[in-house]
Amino acid sequence: MVDFEVVSLPDADHVAEGDTAPDFTRPLVTDEYWEDVSLSELTDEGPVLLVFHPMDGAFPATYVWNEIRDRNWGTTTEDGDLTVVGLSISDPYSHKRLIEERGMDYRLFSDPQNGVAEEYGVVHDLDGMAGVSEPRPAVFLLDEDRTVEYAWVAAEWPDFPDYDEVEAAIAER
Amino acid sequence: MSATDDPPITFYRLQACPFCERVTRKLREYDLDYRSRFVEPMHSDRNVVKRLSGKRTVPAIVDENTGVTMSESANIVDYLDNTYGDGARTDGGQRAEAERDGGAN
């Protein structure tokens, strides 16, 4: 295996299992349009897997959504009424392109000012991009009351979710 | 939020499009509850609007109060005046199309 340096991220005081995930409203982008939607509107319909990812165009965003798409999270009958939804600091136009390019059946929240990551305690200030911060890669599985059933937050950069572990948490529901 | 809480008017718009802003001003003037759905500048990327109104132009509105779906800002402004304005007409009359909207791209 190629030896490469991963940077450890400092401990984050993030939303954890058992907590109520903060509600928020942001433009939610589909393959056709975007409109303001709140997280609670989604959880009212059933459990939600909220996926924070690096900005669209960075390779981790591509990898994460390829993997989720190929695993068909939230689109099979076993997952019931689970909604899988993403969030990054990218603008809605970029989100539409990512959805098209990845051929993915998922919607993405757009949060250019990174306020949601602040609420969730997962802010990542990007070294070498002055003034730009985005969420750490993070995954939260929420029930209908926005109670966090499973949480994973990156401790390194780059870092990816343990997809099997997330899948197990979804299956446990 | 259940479907019954959804605003009755859905407004399909393009960011910074003056014709759309004109409709925005009118919706706000009458203090109407609406939701905005933003589409892309490229006409070919506006299938959602085409499915609703038969045309790819914005602005377009869908008004669940009356069952009306409509595009072209002059028509929409007239419709809003006639339906929600002070002298709301009951015949739902619309004046002839007075301008061409949303021609860019």
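What covers the buried residues of α3(B)? I started my notebook with that question. The cover includes α1 (18–29), β3 and β4 (68–71) of chain B. I note here that the model is predicted.

**Entry: helix α3 of chain B**

I listed the buried residues of α3(B) next. They are B:Ser73, B:Asn75, B:Ile76, B:Val77, B:Asp78, B:Tyr79 and B:Leu80. Then I checked the length of the helix. α3 of chain B covers residues 73–84, which makes 12 residues. At 1.5 Å a residue, the helix should span 16 Å. I found its end C-alpha atoms 16 Å apart, so the two values agree.

**Entry: chain B as a whole**

I stepped back to chain B. I counted three helices and four strands there. Along the sequence, the pattern reads β-α-β-α-β-β-α. Chain B has 105 residues, and 32% of them count as buried. I also looked at contacts in chain B between residues at least 6 apart in sequence. Of these, 57% join residues at least 24 apart.

Which way do β1 and β2 of chain B run, parallel or antiparallel? I found them parallel, with five bridges joining strand β1 (residues 9–13) to β2(B). One pair I looked up is B:Ile9, which stands opposite B:Tyr34 in β2(B). β1(B), α1(B) and β2(B) make a right-handed β-α-β unit.

**Entry: where the chains touch**

How many residues does each chain give to the contact? I noted nine from chain B and eight from chain A. On the side of chain B that touches chain A, the elements that give two or more residues are β2 (34–38) and α2 of chain B. β2(B) gives the most, with four residues. I sorted the residues on this side of chain B by kind. Four are nonpolar, two are polar and three are charged.

**Entry: strands of chain A**

I moved to chain A and took β6 (residues 107–110) as my reference strand. Strand β2 (residues 25–29) of chain A pairs with β6(A) in the antiparallel sense, over two bridges. In β6(A), A:Phe109 is the bridge partner of A:Leu28.

I looked for a further partner of β6(A). β5(A) and β6(A) pair in the parallel sense, over four bridges. Here A:Ser110 in β6(A) is the bridge partner of A:Ser88. Helix α3 (residues 92–102) of chain A belongs to the picture too. β5(A), this helix and β6(A) make a right-handed β-α-β unit.

**Entry: cis peptide bonds**

In chain A, one joins A:Trp157 and A:Pro158, with omega at about 0°. I placed A:Pro158 in the loop between β11 (156–157) and α5 (163–172) of chain A. In chain B, a cis bond joins B:Val58 and B:Pro59, and omega is about 5°. B:Pro59 is found in the loop between α2 (47–53) and β3 (60–63) of chain B.

**Entry: positive phi**

I then turned to backbone angles in chain A. A:Asn72 is not a glycine, yet its phi is positive, at about 55°. This residue lies in the loop between α2 (59–70) and β5 (83–88) of chain A.

Is A:Asn72 buried or exposed? I counted 12 C-beta neighbours inside 10 Å. A residue counts as exposed at 12 or fewer, so A:Asn72 is exposed.

A:Arg146 was my next stop. Its phi is near 65°, a positive value in a residue other than glycine. A:Arg146 lies in the loop between β9 (138–142) and β10 (148–153) of chain A. For A:Arg146 I found 21 other C-beta atoms within 10 Å.

**Entry: A:Glu5**

I found A:Glu5 in the segment before β1 (7–8) of chain A. With 5 C-beta neighbours inside 10 Å, A:Glu5 counts as exposed. I also took a distance from this residue. A:Glu5 and A:Asn114 are 109 residues apart along the chain, and their C-alpha atoms are separated by 26 Å.

Technical notes:
Residues numbered from 1 in each chain as written. Chains lettered and ligands numbered in written order. Predicted model: local features only at pLDDT ≥ 70, side-chain atom pairs only at ≥ 80, totals over all residues. Buried ≥ 20, exposed ≤ 12 C-beta atoms within 10 Å, placed from the backbone. Contact = placed C-beta atoms within 7 Å. Nonpolar A, V, L, I, M, F, W, Y, C, P; charged D, E, K, R; others polar. Expected span 1.5 Å × (residues − 1). Pairing = 2+ DSSP bridges. Right-handed = clockwise from strand over helix to strand, strands pointing away.
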